[in-house]
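Me: I am new to this structure and would like to learn how to read it. Please show it, and then I will ask about one feature at a time.

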Amino acid sequence: MKLFWGRAGAVARKEVFHILRDPFALAAALGLPVLMVIIFGISIEFNMKDIPLAVNDADQTRSSRMLLDRFASSGYFGIRRVVSPHQAVAELTDQKARAALVIPPDFESDLISGRQGQLQLLIDGSDNSTVGPVSNYVNRIVGAGAPALYDLRTRYLFNPELDSRWFVIPGLTVVIMAILSILLTALTIAREWENGSMELLLSTPVRPVELIVGKLAPYGVLGIIAIAFVYVIARAVFQIPFVGNLAVFGLGSLLFLITYLAQGLLISVVARNQQVAMQLAMVTGMLPSNLISGFIFPIESMPTFFQYLTMLLPARWFMRIARDTFLQGSGLIELKVPFLALTFLCFAMIFLATRKFKRDLEP
Amino acid sequence: MNRTLLGFIRKELTQTLRDKRMRVLLFVVPVIQLTLFGVALSNEVKNIRLVSVFPPGDAVMQKIHDRSIASGWFLPVSTQKVFSDPFELIRSGTADAVLVAPPGGLTRALGRGDAKLQLLLNAMNVIEAQAMESYVSAIVQRTILEDLRLDPPEPSIQVNSRVLFNPGLETAIFMVPATLAMVMIITTMVMTNNAIVREKEMGTFEMLISAPVSPAEVIYGKTIPYVILGMSNFPLILGVAVFVFGVPMRGSLLVLVLAAFAFVCTAVALGTLISTFCKNQQQATLAAFLFLFPMIMFGGLFFPIENMPVSIRWVAYLDPLYHYIGLLRNIMLKGGGHAYVGTHILALGLMALVSVVWSFRRFRTTL
């Protein structure tokens with residue numbers, strides 16, 4: 001056992017030298033997550049405002065102008081006037097407007113004579129995410145309101161003001177760290193093969209497990225420091241609340257980082273070639289953690305098969321841990337499923353990397 | 001084209017394609033990803049776990065609950081825990097939404113004329129919370145009006161909405177073009193960058209320079225193969241998008257290919273430019289992260305660019321992925337507005353030009 005740690009420690013020390021020798025990589029590993037969280041923390045906003053709306057007012061009466069004033073003063077829409085319904089559609093095609101409102105010539109006379117005033121609303125369906133909000137806002141402004149027979153009060157728990165940042169930043173941390181961890185280790189073993197230093201390493205008495213553990217440890221430390229930086233930014237700059245237990249978040253971070261670092265190592269062992277390793281890291285790290293970890297697109301909305309498939313993704317579990325500890329204050333007991341799953345994935349990755357590595361060495 | 005250049009291209013293509021795993025990564029993995037993300041992802045919020053808290057015999061609430069479940073958006077939660085604290089139900093993750101009837105039940109409260117319903121939502125996902133609220137309020141309104149035998153009030157203004165270009169709001173039609181673009185940039189930009197940095201790292205780049213070839217030949221020889229590779233999987237992915245996912249192809253194929261070509265050139269040129277700043281492949285990976293991650297975030301898939309502050313919107317305009325996703329959607333779904341397509345292809349071309357010129361200067365000064 002003592003020898004185990006001795007040899008793993010030697011590998012770790014070598015890796016530390018390697019990291020320190022390249023200040024660019026070190027700065028990138030620590031600085032990039034912070035930079036990204038700041039940029040996207042500032043720029044991301046889900047609540048839409050000033051949606052460009054092409055308006056063709058063929059009525060040109062007091063009623064139609066009053067209606068348009070309501071649209072303009074709502075803050076949701078920025079009005080672009082066009083001369084014909086045909087031009088309104090052209091505005092949509094050229095992406096100058098997200099929606100178009102056509103007010104027919106008899107709008108006011110209909111209202112005065114007690115008939116329903118007709119409006120035509122055309123919504124650009126090429127971006128699904130805006131269709132729902134646009135039609136909601138329009139209906140709210142036009143005022144197809146319910147009669148006051150009852151009173152439905154909604155309480156938004158854990159994010160009472162529906163602040164986009166509270167939702168995005170913990171998730172963003174997860175996605176960024178997932179990608180970064182894979183990238184940090186994806187090249188380490190492939191590089192040794194390519195440079196020919198692997199033969200040297202193999203002639204030493206170091207065993208596969210020791211090599212894997214030794215390679216993981218320094219990057220694990222680096223990752224934890226990066227997460228700590230991001231945590232401070234989230235709390236201090238963006239004022240995101242953290243109601244949970246910091247130790248639970250820390251433990252989750254550690255498990256999560258090791259799992260992804262081990263996945264990077266597995267890629268590195270499998271690929272043996274830095275170019276292939278890089279592509280594999282991008283394919284298995286970048287897109288899945290962005291798209292199917294529950295970051296933006298909710299997992300519950302996926303078809304059942306894919307819901308199960310996402311269980312193989314460590315980011316999915318840490319997403320839950322990060323959001324719950326930040327906003328909801330869940331403890332270890334409530335998060336037992338994500339923690340168990342993450343622990344399992346962590347050991348599975350280390351085991352796979354070690355075994356694959358061992359098999360590669362046998363003649 | 002001269003022979004040196006041809007030799008260069010042949011060498012580069014052979015080197016990349018001789019690795020079986022690389023062939024799989026180039027031609028099989030993109031199709032898998034497109035399928036995976038095209039089928040799995042959805043903007044529509046579904047399977048919300050709903051608990052309704054009401055005393056037994058409250059007929060209106062029972063109807064609201066049953067309707068919610070029947071709508072397909074909600075899932076019932078096993079009833080044993082129903083009578084515990086509604087807040088606790090959400091906190092423990094048992095439910096996403098809890099609808100609480102007024103004391104004594106909604107049916108009686110309606111009779112008294114002061115019906116106060118409370119809806120508790122888990123709002124950690126902002127988008128989901130808004131969707132849940134609009135579902136519940138629509139169902140509550142309809143059920144109560146029906147129960148009171150009131151016709152829905154006739155609004156004085158009627159809005160006739162039509163969704164153009166994707167009337168069924170099918171997610172695949174919206175997701176697949178964006179995924180296609182993301183898959184393409186990973187293969188092209190990252191691969192070019194790696195290929196050049198590898199030669200630098202292994203020292204073979206010095207050999208190239210000492211050989212009787214001009215810097216232009218080196219650059220073209222290193223980039224053209226990747227433009228070819230990048231374009232070679234485009235028909236395949238496009239075929240899957242159109243024939244498997246039924247993404248409509250309303251515009252001209254020629255224009256679409258032109259847009260893809262402009263995009264691939266830009267991606268390869270950017271990869272080349274980035275490679276001039278990297279000494280080894282470890283740096284190349286981090287640089288790829290530095291560029292690729294913001295590109296994906298600003299691509300317009302996750303967050304509408306219009307919502308961003310103006311200064312940051314300018315960063316998005318520098319993102320080739322933003323232009324390309326816009327182009328794909330515009331050409332495939334809308335048939336291609338001339339002004340839009342022209343502007344954005346031009347923007348891509350300009351970016352490619354700037355990157356190529358800049359790379360030339362970098363090569364000249366660093367070598």
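Me: Which residue follows helix 4 of chain A, and what is its phi?

Reply: First, some conventions: residues are numbered from 1 along each chain as its sequence is written, while chains are lettered from A and ligands numbered from 1 in the order in which they are written. This is a predicted model, in which local features need pLDDT of at least 70, side-chain atom pairs count only at pLDDT 80 or more, and totals for chains, interfaces and linings use all residues. Helices (H or I, at least four residues) and strands (E, at least two) are DSSP runs, numbered from the N terminus. Here A:Gln95 follows helix 4 of chain A, and its phi is positive, near 60°.

Me: Which residues of helix 4 of chain A are buried?

Reply: A residue is buried if 20 or more other C-beta atoms lie within 10 Å of its own, exposed if 12 or fewer, and partly exposed in between, with C-beta atoms placed from the backbone. An α-helix has 3.6 residues a turn, so residues three or four places apart point the same way. In helix 4 of chain A, residues 85-93, the buried ones are A:Ala88, A:Val89, A:Glu91, A:Leu92 and A:Thr93.

Me: What do the buried residues of helix 4 of chain A pack against?

Reply: In chain A they pack against strand 1 (51-57), strand 2 (77-81), strand 3 (99-103) and strand 4 (117-124). From chain B, strand 5 (157-164) and helix 15 (320-334) also take part.

Me: In which sense do strand 1 and strand 2 of chain A pair?

Reply: Two strands pair if DSSP finds at least two bridges between them. Strand 1 and strand 2 of chain A pair in the parallel sense over 5 bridges, and A:Leu53 has A:Ile79 as its bridge partner in strand 2.

Me: Which strands of chain A pair with strands of chain B?

Reply: Strand 4 of chain A pairs with strand 5 of chain B in the parallel sense, over 8 bridges. In that strand of chain B, B:Ile157 stands opposite A:Gly117. Strand 5 of chain A (residues 150-157) pairs with strand 4 of chain B, also parallel and over 8 bridges; A:Leu152 is partnered there by B:Leu117.

Me: Why is strand 4 of chain B largely enclosed by the rest of the structure?

Reply: This strand, residues 115-122, is largely enclosed because 6 of its 8 residues are buried.

Me: How many residues of chain B are in contact with chain A?

Reply: Two residues are in contact if their C-beta atoms, placed from the backbone, lie within 7 Å. By this rule 98 residues of chain B are in contact with 92 residues of chain A. Helix 13 of chain B (residues 281-297) gives the most to the chain B side, with 12 residues.

Me: Is A:Ala271 buried or exposed?

Reply: A:Ala271, found in helix 11 (residues 246-271) of chain A, is buried, with 24 other C-beta atoms within 10 Å. Leaving aside neighbours within four places in sequence, its contacts include A:Ala190, A:Val276 and B:Arg21.

Me: How far apart are A:Ala271 and A:Met66, in sequence and in space?

Reply: The two are 205 residues apart in sequence and 66 Å apart in space, C-alpha to C-alpha.
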